[in-house]
Amino acid sequence: MVRRIDVTGSDGVSLAAWEFADPPKERGDESDRAPGVLLLHGLMGRASHWASTARWLSERHRAVALDQRGHGRSGKPADGPYTREAYVADAEAAVVQLGLAPVTLIGHSMGALTAWQLAAKRPDLVRAVIICDMRASALGIASQREWEDWFKSWPVPFATLADVRKWFGEDDPWVERPNPARGEFYAEVMAEQADGWRPVFSRRQMLMSRETWVFDAHWEELAQVQCPALVVRGLDGELGRAESQEMVRVLPRGEYAEVADAAHLVHYDQPQAWRAAIEPFLDAVVAR
């Protein structure tokens with residue numbers, strides 16, 4: 001079962017959260033509650049990208065995925081704010097309103113940054129953090145310009161979902177070799193309109209969001225994360241081995257895992273290997 005739960009974000013924005021299991025039964029003993037997990041997607045993602053992860057998590061956890069502002073079914077205010085502070089405050093609001101604390105935060109890319117920034121800000125709410133393929137170093141203006149050019153290259157509207165899958169999985173100049181999982185990932189963030197298939201997000205808003213974190217390094221907040229933290233990288237992803245190992249060193253309680261044959265979309269590229277990489281960490285967290 002999947003059910004939608006509405007959450008009110010930090011400045012009143014409406015956020016959609018999705019619980020991938022039957023709602024938990026009321027129990028007399030608070031210690032018997034299933035441990036909470038909040039899943040945070042990356043830029044351009046949506047909560048449904050976590051479906052396969054959330055379903056196996058729900059066997060032992062209360063697994064909730066959040067459509068972050070500007071994404072999925074959540075509110076998309078025209079001019080934001082799409083700041084780091086807004087994203088972190090939204091995640092904090094979700095944890096509090098849904099009663100997930102002490103929560104394990106699982107974040108991919110931008111969602112991972114939100115996760116460790118929330119853990120640094122509210123250690124009382126966070127039990128553990130999983131950081132998937134997100135760099136702590138600054139990416140710089142050249143990276144932002146590349147994204148601006150990339151967005152302009154999209155051949156929207158797409159005539160069919162098959163065209164979406166083919167372009168993002170094969171024809172996109174950023175694709176080094178055919179990647180069907182990438183095509184499926186982007187097909188999931190398209191909606192049919194009168195003239196064809198278009199993204200459910202505003203590319204302008206995505207750039208607004210991205211420019212609030214690409215120019216800065218985030219090592220200081222990483223060092224403030226006091227809970228157990230697992231850094232996961234796809235061997236063909238965007239987070240390099242040297243930087244990931246430095247992140248583990250900086251984290252007071254950092255651990256490391258990697259997934260072979262996976263690019264940036266680790267949990268989408270290799271779902272079984274992704275589970276094998278993070279499940280022992282989750283089990284250890286619950287056992288503590």
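# Angles, strands and cysteines

Me: Why are H2 and H3 called roughly perpendicular to each other?
Reply: This is a predicted model. In it, helix H2 (residues 84-97) and helix H3 (residues 110-121) pack at an angle of about 70°. Angles of 65 to 115 degrees count as roughly perpendicular. H2 and H3 are therefore roughly perpendicular to each other. Their axes lie 9 Å apart.

Me: Which residues make the contact of H2 with H3?
Reply: From H2 come Arg84, Tyr87, Val88, Ala91, Glu92 and Val95. From H3 come Met110, Leu113, Thr114, Gln117, Leu118 and Lys121. By class, the contact holds 7 nonpolar, 2 polar and 3 charged residues.

Me: What makes S1 and S10 edge strands?
Reply: The open sheet has 8 strands, in the order S1-S2-S4-S3-S5-S6-S9-S10. Strand S1 (3-8) and strand S10 (254-259) each pair on one side only. The pairing in the sheet is mixed. From one strand to the next, the twist averages 25°.

Me: How do you know that S1 and S2 pair, and in which sense do they run?
Reply: At least two bridges are needed for a pair. S1 and S2 are joined by 6 bridges and run antiparallel. Aspartate 6 stands opposite alanine 16 in S2. The hairpin of S1 and S2 has 5 residues between the strands. In that hairpin, glycine 12 takes a positive phi near 90°.

Me: What pairs with S2 in the antiparallel sense over 4 bridges?
Reply: Strand S4 (residues 62-67) does. Here alanine 16 stands opposite aspartate 67.

Me: Why is strand S2 described as largely enclosed by the rest of the structure?
Reply: Buried means under 20% relative accessible area. Of the 6 residues of S2 (residues 14-19), 5 are buried, so the strand is largely enclosed.

Me: Which strand is joined to S3 by 4 bridges, and do the two run parallel or antiparallel?
Reply: The partner is strand S5 (residues 103-108), and it runs parallel to strand S3 (residues 36-40). Leucine 39 has isoleucine 106 in S5 as its bridge partner.

Me: Where does H3 pack on the sheet?
Reply: H3 touches S3, S5 and strand S6 (126-132). Its direction makes about 155° with that of S6. Angles over 145 count as roughly antiparallel, so H3 and S6 fall in that class.

Me: What does helix H11 touch on the sheet?
Reply: Helix H11 (residues 271-287) touches S5, S6, strand S9 (229-234) and S10. H11 makes about 160° with the direction of S6.

Me: Are cysteine 132 and cysteine 227 buried or exposed?
Reply: The cut-off for buried is under 20%. Cysteine 132 has a relative accessible area of 0%, so it is buried. Cysteine 227 has 9%, so it is buried too.

Me: Why is histidine 61 called buried?
Reply: Its relative accessible area is 7%. The cut-off is under 20%, so histidine 61 counts as buried. Histidine 61 sits in the loop between helix H1 (51-57) and S4. Not counting residues up to four places away in sequence, it touches Ala34, Pro35, Val37 and Val286.

Methods: Residues are numbered from 1 along each chain as its sequence is written. This is a predicted model: local features need pLDDT of at least 70, side-chain atom pairs count only at pLDDT 80 or more; totals for chains, interfaces and linings use all residues. Side-chain values use heavy atoms; hydrogens and water are left out. Axes are lines fitted to C-alpha atoms, for helices over the stretch in contact, and angles run from 0 to 180 degrees between N-to-C directions. Angles under 35 degrees count as roughly parallel, over 145 as roughly antiparallel, 65 to 115 as roughly perpendicular and the rest as oblique. Contact means heavy atoms within 4.5 Å. Ala, Val, Leu, Ile, Met, Phe, Trp, Tyr, Cys and Pro count as nonpolar, Asp, Glu, Lys and Arg as charged, and the others, Gly among them, as polar. Buried means under 20% relative accessible area, exposed over 50%, partly exposed in between (1.4 Å probe, protein chains only).
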